Amino acid sequence: MGSIFKEYKIFFIVFGVISVVIVSLIYNTLNVYQPLPIYQPASVSAELVDSTLQYQKKYHKIADFALLNQNGKTITQDDYKNKIYVADFFFTTCQTICPIMTDHMVKIQKKIINDDEVMLLSHSVTPEIDTVAQLKRYAEKKGVNDKKWNLVTGDKKEIYDLARKSYLAVKDAEFGGPYDMVHTENFMLIDKKRQIRGFYDGTNEEDINRLLSDISILKEEE
């Protein structure tokens, strides 16, 4: 047996090296890093996009904004500069999907509480009801951490334009006024370049876990 091994020693060594290389190549092929997509208005359902943007296929970014948070502080893009953040649209008196969405935002907040790169941003779709005082009561009730999560209110047209032209997240209210909107359950993942990198069902536990996983992917990418 020993003589056979000696005779074919070089063969076994070469075969072993080739085997290791092949296994490594297969492993790397199956585990190729896949960057998250960059969403454009043209790739999102038309009912969620302002008609002026429905055919835009590149260069989409979240617009500048200035809105008041639960503490009465003016929040702008500067507060989210060089941050990854999760955004959504809600209203404090909603009794259907909003409580579930908020609970899931709380879960995300717990996961990113010590991560300086990640924040949260929730926009009220009924700013006439959701005053600063109302948002403050809601924030305290839900356990919102002011350093990680802003609940914002302000001019209804500005919020409507952000929802329809930036985040691509709400539908027009069929019989509402000019800036009335029907928010969806969507959470949007925004990167440090203000680009939309993911849409998630804010009422679905599996989607929330996928969102948390995608945050990790996005951090590696950036």
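Strand β3 (residues 84–90) runs antiparallel to β8, to which three bridges join it, and within this pairing A87 stands opposite M188 in β8. Strands are taken as DSSP runs of E with at least two residues, numbered from the N terminus, and two strands pair if DSSP finds at least two bridges between them. The model is predicted, so local features need pLDDT of at least 70 and side-chain atom pairs count only at pLDDT 80 or more, whereas totals for chains, interfaces and linings use all residues. Residues are numbered from 1 along each chain as its sequence is written, and side-chain values use heavy atoms, with hydrogens and water left out.

β8 also pairs with strand β9 (residues 196–201), in the antiparallel sense and over five bridges, with N186 opposite D201 in β9. Five residues lie between the strands of this hairpin, where R194 takes a positive phi near 70°.

In a regular strand the side chains alternate between the two faces of the sheet. In β8 (residues 186–190), five of the five residues are buried, which means under 20% relative accessible area, with exposed over 50% and partly exposed in between (1.4 Å probe, protein chains only). N186, M188 and I190 are buried on one side, and F187 and L189 are buried on the other, so that both faces are covered.

| Residue | Relative accessible area | State |
|---|---|---|
| C94 | 5% | buried |
| C98 | 1% | buried |

A search of the whole structure finds zero disulfides, a disulfide being a pair of cysteine sulfur atoms within 2.5 Å.

Methods
Helices (H or I, at least four residues) and strands (E, at least two) are DSSP runs, numbered from the N terminus.
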